[in-house]
Amino acid sequence: MPSLWAWGTGQAGQLGDGEGKASLLPTGVSDATFSANIRQIAAGESHCVALDDAGAVYAWGYGDMAALGLGHSRDVATPRRPPPPPPRRRRRRAARVATT
């Protein structure tokens, strides 16, 4: 049984059920990719983002301008995990030379 339910407009995949169309009744969000129970969800007009108990993030829906953080600008109709961010580069500091 799905752990998340959604209904309404779904043309961009924001319902997360894999159908990409509207639903007047609650439909189950595809939870095959969730690694743990969902703890938080943010739902907007065109996309959704969820956080699970393990700290993993999932996004689905309208992907224009890379809104989902998946590395592309396509719509996604089922929850997907964004890739991890690139490692931060350390800035080197110039050594100060003391003069007297």
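**Strand 3 and its surroundings**

Good morning. I begin with strand 3 and strand 4 (residues 47-52), which run antiparallel and are joined by five bridges. Strands here are DSSP runs (E, at least two residues), numbered from the N terminus, and two strands pair if DSSP finds at least two bridges between them.

The model is predicted, so local features need pLDDT of at least 70 and side-chain atom pairs pLDDT 80 or more, while totals for chains, interfaces and linings use all residues. Residues are numbered from 1 along each chain as its sequence is written, and side-chain values use heavy atoms, without hydrogens or water.

Let us return to the pair. Strand 3 and strand 4 make a hairpin, with three residues between them. Within the pairing, I38 lies opposite D52 of strand 4.

How many of the six residues of strand 3 are buried? The count is zero, and strand 3 is hardly covered; buried means under 20% relative accessible area, with a 1.4 Å probe and protein chains only.

Four strands form an open sheet in the order 3-4-5-6, and their pairing is antiparallel. Strand 3 (38-43) and strand 6 (76-80) are at the edges with a single partner strand each, so one side of each has no neighbour in the sheet.

I turn to the core. The largest nonpolar core has ten residues: L4, A6, L15, V29, F34, C48, A50, A56, Y58 and W60. Such a core joins buried Ala, Val, Leu, Ile, Met, Phe, Trp, Tyr and Cys residues through side-chain atoms within 4.5 Å. At least two residues of this core come from strand 4, and at least two from strand 5 (57-61).

Finally, the pocket. The largest pocket has a volume of about 180 Å³. A pocket is an open set of points on a 1 Å grid where a 1.4 Å probe fits, with protein on both sides within 12 Å along at least five of seven lines; lining residues have an atom within 4 Å of a point. The volume is the space filled by probe spheres set on the points. Of the 14 lining residues, A6, Q14, L15, A43 and C48 are the closest to the centre of the largest pocket. Which strand gives the most to this lining? Strand 1 does, with three residues. Thank you.

How values were computed:
Buried < 20%, exposed > 50% of the residue type's maximum accessible area, 1.4 Å probe, protein only.
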